[in-house]
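Here's a quick tour for anyone opening this structure for the first time. Take a look at it, then read on for how some of its pieces pack together.

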Amino acid sequence: MAEARAVESATVPARSVRAAWATRRWRTVALLLCLWIPFANAPAAADAADVQGAADWRALQADLARHLQVRGDARQQLVAAMLLAWPVADDAPLVHQDAAAARLPEAQAIFARVRASTDDPWVLWIAATDCRFGDALCDRDGAIDALLRIEPDNAAVWLLALDRAVRDADRDAQLMALQGIAGSARYDQHFLTALRAWTDASAAWPEVPGFERLVAREMTEDPDAVLDGESLRALAGLHGLGAAMAFGFPRFSALTDLCLPEQIVGDDWRDACRGAAQVLVASDTLVATNVGLSVAYRLATDDDARRALEQRRRQHNWMIGSIALLGFDGFDAEGVLDVDEAGAMIRRWREATSELALIQTLMREAGLPLVPPADYRAPGLTLAEREADRQARLSTTAGRPR
């Protein structure tokens, strides 16, 4: 993770990572997390300054968490618990691992109160996906069951149920989950809810003593640097966006493994897999669409259907590639924070109705067509090449001696 650092004066515009803005995925903005933990998981071999810097950042995380605890909102309480339970790398210094272990009981106590007092879908979603508070408190199965009750038309929730059914080796539950995905009206992994919760919480960063000093020091390598208030608020907002993109993503492997043509037995399974793939293709989430395209192509029954799916892949890749052309990432071409753009980006994300809708709106505003030009050559493998590559790897594996 490369940082652009500069020392120009005692008061400087904040400089930080110029994220590799979605050359493959919109979510690469998660790299902006380095704004608040530039070396929070510094390995044991890090020098003393890095180790101390990481300790300072973790102390600030705990301070922000306690600042948020006074808020009655369940989502802000969940953010507080997640801050206190922030993961530590296995090779982090023992002092960091010990500090994280010492904070865990406080995080667990907060989460236990939130988990017991609300059926907020985002709280349940985190309990079922990225819960860091122990199996008993997380109650992943209970969270999945509650989500199925609250959102029976949400394919993302059925994807969690499918993953559970695979872990349990329950074939009936696997088929039921596939059929649940296929019969769903929408795909929602609660990212926009997470984004609003995290950016609400991050707005409080400038109120935490020590935040300004540490951010300025890390952005400039100048211990005497001072950031103006607008820059500080913009960086805090970008932290919230990055944090939202770091947690709560479902696994697709259960779907892709169960819906391989050679694994399918019976028309019920084939129909469920085809239906599930089509729901993902039609989703408003880029990653889910990409997964759906590959599964749908493998199970297509004729050349017309395959051509239509390949055309959809071209459009999908065009949209992903266009994101980089938009330059809408909160930084200028030199990697210097653009306060106005950062503020606009956070606001647009908070107001968005979906990931896809925001991208399409930004493309229209920039004069980029939603449909790629005729001479556009989508990068990467075509769907046919993906499947041929998979078949080649399958053949190679099958030929190996056991």
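Predicted model: local features only at pLDDT ≥ 70, side-chain atom pairs only at ≥ 80, totals over all residues.

Let's start with a pair of helices: α14 and α15 cross in a left-handed way.

**α14 with α15**

- Helix α14 covers residues 286-298 and helix α15 covers residues 303-326; their axes sit 10 Å apart, at an angle of about 160 degrees.
- An angle over 145 degrees counts as roughly antiparallel, so that's how α14 runs relative to α15.
- On the α14 side, the contact uses Leu-286, Thr-289, Asn-290, Leu-293, Ala-296 and Tyr-297.
- On the α15 side, you'll find Arg-306, Leu-309, Arg-312, Arg-313, His-316, Ile-320 and Ile-323.
- Sorted by class, this α14 and α15 contact has 7 nonpolar, 3 polar and 3 charged residues.

**α13 with α14**

- Helix α14 also meets α13 (residues 267-281): the two axes come within 7 Å and cross at roughly 145 degrees.
- The crossing of α13 and α14 is left-handed.
- From α13, the residues involved are Cys-273, Ala-277, Gln-278, Leu-280 and Val-281.
- Facing them from α14 are Ala-288, Thr-289, Val-291, Gly-292, Leu-293, Val-295 and Ala-296.
- The α13 and α14 contact splits into 9 nonpolar and 3 polar residues, with no charged ones.

**α4 with α7**

- Helix α4 (residues 121-129) and helix α7 (residues 155-167) have axes that come within 11 Å and cross at roughly 30 degrees.
- Angles under 35 degrees count as roughly parallel, so α4 and α7 get that description.
- Here too, α4 passes α7 in a left-handed crossing.
- Trp-125, Ala-128 and Thr-129 of α4 touch Ala-156, Val-157 and Leu-160 of α7.
- That α4 and α7 contact comes to 5 nonpolar residues, 1 polar and no charged.

**Aromatic rings**

- The model has 8 aromatic pairs.
- In one of them, the rings of Trp-86 and Trp-198 have centres 6.4 Å apart and planes at 90 degrees, so they pair edge-to-face.
- Trp-86 is in the loop between α2 (74-84) and α3 (94-117), while Trp-198 is in helix α9 (residues 191-202), so the pair ties together parts 112 residues apart in sequence.

Notes. Residues numbered from 1 in each chain as written. Heavy atoms only, no water. Axes fitted to C-alpha atoms, helices over the stretch in contact; angles between N-to-C directions. Helix = DSSP H or I, 4+ residues; strand = E, 2+ residues; numbered from the N terminus. Parallel < 35°, antiparallel > 145°, perpendicular 65-115°, else oblique. Left-handed = near helix turned anticlockwise from the far one by under 90°. Contact = heavy atoms within 4.5 Å. Nonpolar A, V, L, I, M, F, W, Y, C, P; charged D, E, K, R; others polar. Phe/Tyr/Trp six-rings, centres within 6.5 Å; stacked < 30°, edge-to-face > 60°.
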